[in-house]
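Hi everyone, thanks for making time this morning. Have a look at the model on the screen, and I'll walk you through the parts I'd like us to look at together.

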Amino acid sequence: MRYLDHAATTPVREEALAALLEVQREVFGNPSSHHSAGERAAAVLASARGRVARVLRCRPGEVVFTSGGTEADNFAIKGIVLGAPGARHIITSPIEHDAVLASVDYLVRLHGVEATFVSVDAAGRVDPAEVAAAVRDDTALVSIAYANNEVGTVQPIAEIAAALRALDRPRSLPGRAWLHTDAVQAAGWLPLDFEALGVDAMALAGHKFGAPRGVGAAIIRSRIPLEPLFHGGGQERGRRSGTEFVAGAVAFATALELAEADREAAYAAAARSRDAFVEEVLHRIPGARLTGAEPGPGRMPHLASFVLPGTAGEGVLLEFERRGLLASAGSACAAGDDEPSHVLTAMGVPREEAQTSVRFSLSHRVGEGFDGVAEQLERAAAAVRGLAT
């Protein structure tokens with residue numbers, strides 16, 4: 001079976017798995033314990049934190065290990081907004097991951113926070129000027145994903161950060177409107193330089209770049225007041241209570257270092273294969289349309305997403321799997337729910353067309369890329385349309 005759904009999750013890198021197993025076997029102490037076994041665990045955890053910080057160009061104390069990207073998003077969004085006295089407003093976009101949208105919804109429903117959703121264009125791109133114009137005196141946070149998980153559009157995060165810095169906020173406010181970005185899809189493909197991006201908070205998930213599932217990180221500037229999600233023993237400098245997953249942190253750091261070392265070569269190889277694949281799909285399949293940004297710097301190099309009018313996305317994928325290939329629908333449909341993707345409809349794709357979406361994504365080890373995939377997709381689409389020969 002050929003796996004083309006790496007935007008959903010990636011196989012664990014052997015190096016990360018080896019690091020995980022070694023620490024699980026050898027470093028069993030609680031990092032909070034004041035004896036030699038605990039001190040050894042604390043030292044290993046500190047080393048992993050420092051390694052992550054070096055890749056991201058942030059301070060080690062700004063790295064908070066989490067259970068994954070969803071927790072990291074929840075932690076940053078809820079923690080920053082609830083930790084900002086007098087700030088009652090948040091800005092985001094309608095195409096964010098559900099972890100972001102659900103966190104915003106929670107703040108609106110239960111804490112009286114107001115939310116502004118800036119628009120996106122037909123490619124799913126946010127305008128930095130519109131973001132800046134939406135900022136109010138009581139705005140606590142802006143949350144815009146670095147790269148969209150369904151269509152691969154890359155947002156101008158550094159430009160958004162610059163636009164926010166340029167605002168003349170009253171000195172009486174607790175701080176400027178902080179900028180959070182969900183960088184889960186960007187890791188291993190795009191630069192994650194915390195300072196160069198100009199963000200104040202960032203979410204990462206290890207399983208998107210070869211670490212095991214169940215470990216992620218929230219990077220949050222130390223000067224930002226924060227209300228923790230978890231209360232207890234005060235681990236992670238009081239920001240996330242609970243005994244740390246030391247082995248997971250080491251595996252996360254190992255995979256992140258490897259992904260960063262391979263990043264530029266992987267980007268180039270994936271982009272070449274993606275470009276050829278997109279061209280072939282549009283040539284082979286009548287009516288097929290690429291969703292998201294056009295191939296180039298504004299789109300993730302490893303991800304291609306299409307709508308195939310006259311088909312059903314799930315039906316095409318079942319045919320695709322019957323031919324030995326795995327991909328995803330690209331729509332956020334829940335089980336038993338035929339609602340189309342909120343990302344595509346926000347981009348102006350008609351509801352019926354959005355339900356024909358399919359998404360294909362490569363790993364950082366590009367391998368054979370998308371070779372031969374367009375032909376199989378053409379056959380799968382034709383079968384669903386009742387035109388197979």
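Let me start with a definition: buried means under 20% relative accessible area, exposed means over 50%, and partly exposed is in between, with a 1.4 Å probe and protein chains only. This is a predicted model, where local features need pLDDT of at least 70, side-chain atom pairs count only at pLDDT 80 or more, and totals for chains, interfaces and linings use all residues. Residues are numbered from 1 along each chain as its sequence is written, and side-chain values use heavy atoms, with hydrogens and water left out.

Let's go to helix α2 first. Helices (H or I, at least four residues) and strands (E, at least two) are DSSP runs, numbered from the N terminus. Helix α2 covers residues 36–56, so 21 residues, and spans 30 Å from its first C-alpha to its last, close to the 30 Å expected at 1.5 Å a residue; that expected span is 1.5 Å times one less than the number of residues.

Which residues of α2 are buried? They are Gly38, Ala41, Leu45, Ala48, Arg49, Gly50, Arg51, Val52, Ala53, Val55 and Leu56. Those buried residues pack against β2 (63–66), α7 (194–197), β7 (201–205), β8 (216–220) and α8 (246–284). When I say contact, I mean heavy atoms within 4.5 Å.

Arg57, in the loop between α2 and β2, has a positive phi near 55° and is not a glycine. For background, most residues other than glycine have a negative phi. Glu236 has a positive phi of about 55° too, and again is not a glycine. You'll find Glu236 in the loop between β8 and α8, where its relative accessible area is 6%, so it counts as buried.

Arg57 also leads us to Leu192. The two are 135 residues apart along the chain, yet their C-alpha atoms are separated by 8.1 Å. Leu192 lies in the loop between β6 (178–182) and α7. Is Leu192 buried or exposed? It is buried, with a relative accessible area of 4%. Setting aside residues up to four places away in sequence, Leu192 touches Leu56, Tyr146, Ala183, Ala186, Ala187, Leu197, Met202, Leu204 and Leu256.

Another buried loop residue is Val118, at 2% relative accessible area, between β4 (114–117) and α5 (128–134). Beyond its neighbours within four places in sequence, Val118 is in contact with residues including Ile91, Pro94, Val131 and Ile144. Ile144 is 26 residues away along the chain, with 9.7 Å between the C-alpha atoms.

Next, the domains, whose bounds come from an automatic or database domain assignment. That assignment gives domain 1 (2–7 + 263–388) and domain 2 (14–257). The contact between them takes 30 residues from domain 1 and 29 residues from domain 2. Their centres, taken over C-alpha atoms, are 28 Å apart.

Ala259 sits in helix α8 and is buried at 1% relative accessibility. Leaving aside neighbours within four places in sequence, Ala259 contacts Arg13, Gly188 and Phe209. Arg13 is 246 residues away in sequence but 9.8 Å away in space, C-alpha to C-alpha.

On a 1 Å grid over the protein atoms alone, a cavity is a set of points where a 1.4 Å probe fits but cannot get out, and a pocket is an open set with protein on both sides within 12 Å along at least five of seven lines; lining residues have an atom within 4 Å of a point. Points are joined across faces, edges and corners, and a volume is the space filled by probe spheres set on them.

The second largest pocket holds about 210 Å³. Its lining includes His6, Thr10, Arg13, Phe209, Ser363 and His364, and draws at least three residues from each of domain 1 and domain 2.

How many cavities of 30 Å³ or more does the whole structure have? The search finds 4. The second largest cavity is about 60 Å³, and His6, Thr10, Ser363 and His364 are among its lining residues.
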